[in-house]
Amino acid sequence: MSATRYLAANRFGLGRRVGDPDVPALRDAQAGLLRQLEAFDPAPPPIAALPRPEAIAETYILFREQGDAMRREAGGMPTANARATESTPQRETRQALNDLYADAATARFAVAVASPTPFAERLVHFWSNHFAVSTEKQFVSGFAGAHEFGAIRPHVMGRFADLLIAAVRHPAMLLYLDQILSFGTDSAFAIRTRRARSGPGLNENLAREILELHTLGVRSGYTQTDVTAFAGALTGLAVAGLGRGAARRLIPAGSRPGDTVFVAELHQPGEQTILGKRYPDTGAAQAEAVLRDLAVHPATARHIATKLARHFTADDPPQPLVDRLAADFLRSGGDLASLYRTLILSPEPWQDGPAMFKSPWDWFVSMARGLPVPALGERQNVAGLLRQLGQPVWRPESPAGYGDTVATWAGSGGLMQRVELASRIAGGIGDRADARALAPQLLADALTPDLAQAIAGADTPAQGLAMLFASPAFLRR
Amino acid sequence: MILSRRAAIAAGIGAAALPALAFAAAPTHRRLIFVIQRGAADGLAIAAPTGDPAFAGARAALAAEAATGTRLDTLFTLHPAMEGAAALFAAREAHVVHAVATAYRDRSHFDGQNILEGGGTRPYGRADGWLNRMLSLLPEGERSALAVAPSVPLALRGALPVATYVPSRLPQADADLIARLSALYESDALLHPLWESAVRTQELAGDIGGNNGRNGADLGRLAASLMTPADGARVMMVETGGWDTHSNQHGRLAGQLRGLDQLVGALKTGLGPAWADTLVIVATEFGRTVAVNGSGGTDHGTGSAALLFGGDLARGGTVAADWPGLASTALLAGRDLKPTRSLERVIAGAVAHHYALDPVQVGRALYPELLA
């Protein structure tokens, strides 16, 4: 066993905070992590203060209405450069949309930096990345924070099935994976509008990604037929207020903008057979039944066990750990807290010292947690900073989320970026934070005498701080 | 450039007006620049006491280099890399003060710089700096102060608002940090090749000594351009690093001093007629050992030299020193140049002369714990 205290705070957390009590032995470290499972707060103040999905949806609706009004004024002609000619209110709404994303990213960061349950926060980030949405799509950018805060956080200590259902039914996911464009080919709506130029049809995107990424895993035996059938079962899911075209009029009365709703007239009628099991047409309940079965499937257990084990050990996770987690998952029916307990009490994540390379997010959060003064000014653009570091918040390039291997993050340009940022931040606070005193606190048993000496020999206090945060140990978890 | 410069300056002035002090200076166009040498610059190389009989023996290999510089007087020789400074010295626009030190007597850069900037008597004893306290002595319209740094350094921090300006052309990670990280990553199988590749692609232009000293000239030109306009900064702090010459001092320090020399030269050129009203103070946190160590460098010492430049110095063209001598019995703790002058007094005296203020009152304002 090596660097137990460092691993407890970094592999299982987001880095030590100045003044955190020392954790001397493995057993205490494990007990501390177990306690975090109970103490986790799903809605701490910075998150609770953010706008609700309804307000987010209303901003989008306003923006669309302003755009429609502009086009009407222009006689229906599309303007060559819409942004250059947009009205002041429209520009303000666009800014409000940008702010939704920026404020959510800032809140995520604030919570991560201050959290007394960083292991639980790490799990939130893990699941948020597992159920990745991406702000590449304009509609998603305002909802991405709400997805993590409203769908992931409340279920992160519960059952995988509930987490899965909440994550995929959230407006952000329905918008990101095109579910709002998917209609049953034999649905009442499709039959009624069939004569239109191009009839609405099935979109398989969400169904495929749930099978490939969120549950069973790629090449786990499902077929194209399963994907199509599952996509059929999912039809009818829509987001109130954010649809396009005729389907907008079908939103059930009384739903608020931004609500996930089931529109029966869009649903593909009839039974669906998925992975050999028949699901009668029970409307909205049909897809939910499929999701609940997928959530406890042995392939899902293996897929989740492998990803979780990798996140807490190494690129090629030790097979005994994967097997143990998968068995726990199956036995408990996907009880996530049980899974985490098994993980904490397993020997594998505690071996071999810090080997995983921190992602830019992990690294930057751990740096901010380790400083006795705020790393960033009040008006610092957190989202922009993470973009610069190469891991923009909620903006992976694909629904697979950000990669979780050493090679994903250990690049030469990225390393220089970190050094420059560490240097810049240290330059701002170098005389208020003593790296010589911080190093043993933050690196704990991962601090080598050589490193301590190198930091003490730094040219300036700021240089010492930059060396601490760019040190081989601190870059890893 | 103009826009961001003006924005940077505007951000720092005009706000909090403090109660006017009774002995504030009369309105002038005077400008003051504090150049800090972080890392403990070797005063015995900057102004080498070649006339001290013990010098050549103590400095061994480094003594030969010193002898090729410009003689300042019977005792001291300016480092050969400082050709511009030698010309300024001849024109009575440079002044050297030797065997100086702050109140600090230990050997930690961190603590030493904290005292040099804060102006207190113990490390981390003050949250504001002497340069900010100095602003309160100036007429209200002349307090615009700027740090060429990513954030306000301690010397400029305090009650009066100041601005910072980071030239985006200068990379954030300086060559010295890069070199230290190279050593740190050397035995790391993952990081070593990554870092080698990152450094190869990085333009190493951050330190003043880089690019044969031209980086120093760039920094000086930039600083001058920020002080030249009518609404420009009147007080400025310029940070320089890379003075911690534990090994191979011969080449490294020459590069640093060439950069410093060009920095000062570019300041004079850039400020033009305003040079006549300008004072440049160059100081470091402490000095280096008299003896050369086993790797051709010097270790942390105590007494060092401070440099003053400007168009209206009290004692331009002279070296001020109560020289303690370099005989082994004269050294502090058997290894360091013994400081015989207080750097704080030197700074307070120079400031008082520059703004025509009462030296006692200036001392009290800048160094309330030391010169009260």
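This is a predicted model: local features need pLDDT of at least 70, side-chain atom pairs count only at pLDDT 80 or more; totals for chains, interfaces and linings use all residues.
I then checked charges and found 3 salt bridges across the interface of chain A and chain B. I noted a salt bridge between the side chains of Asp431(A) and Arg157(B), at 3.1 Å from N to O.

**Interface, elements.** I listed the elements that give two or more residues to the side of chain A that touches chain B: helices H21 (412–429), H22 (435–443), H23 (449–456), H24 (461–469) and H25 (472–475) of chain A. H21(A) has the largest share of that side, with 9 residues. By class I counted 18 nonpolar, 10 polar and 8 charged residues there.

**Interface, area.** I have 36 residues from chain A and 37 residues from chain B in the contact. The two chains bury about 2900 Å² between them, with 63% of it on carbon and sulfur atoms. Of the area that chain A buries against chain B, 22% comes from Met416(A), Asp431(A) and Asp459(A), more than from any other three residues.

**Cores.** I turned to the largest nonpolar core, which has 157 residues; Trp127(A) and Phe364(A) have the most contacts inside it. Helix H6 (residues 88–114) of chain A gives the most to this core, 9 residues. Leaving out residues up to four places away in sequence, I find Trp127(A) touching Ile152(A), Val156(A), Phe160(A), Leu163(A), Ile304(A), Leu336(A) and Tyr340(A). I also logged a second, separate core of 59 residues, including Ala66(B), Ile208(B), Leu226(B) and Met227(B).

Notes. Residues are numbered from 1 along each chain as its sequence is written. Chains are lettered from A and ligands numbered from 1 in the order in which they are written. Side-chain values use heavy atoms; hydrogens and water are left out. A nonpolar core is a set of buried Ala, Val, Leu, Ile, Met, Phe, Trp, Tyr and Cys residues joined through side-chain atoms within 4.5 Å. Buried means under 20% relative accessible area, exposed over 50%, partly exposed in between (1.4 Å probe, protein chains only). Helices (H or I, at least four residues) and strands (E, at least two) are DSSP runs, numbered from the N terminus. Contact means heavy atoms within 4.5 Å. Buried area is the accessible area (1.4 Å probe) that two parts lose on being put together, summed over both. A salt bridge is a side-chain nitrogen of Lys or Arg within 4 Å of a carboxyl oxygen of Asp or Glu. Ala, Val, Leu, Ile, Met, Phe, Trp, Tyr, Cys and Pro count as nonpolar, Asp, Glu, Lys and Arg as charged, and the others, Gly among them, as polar.
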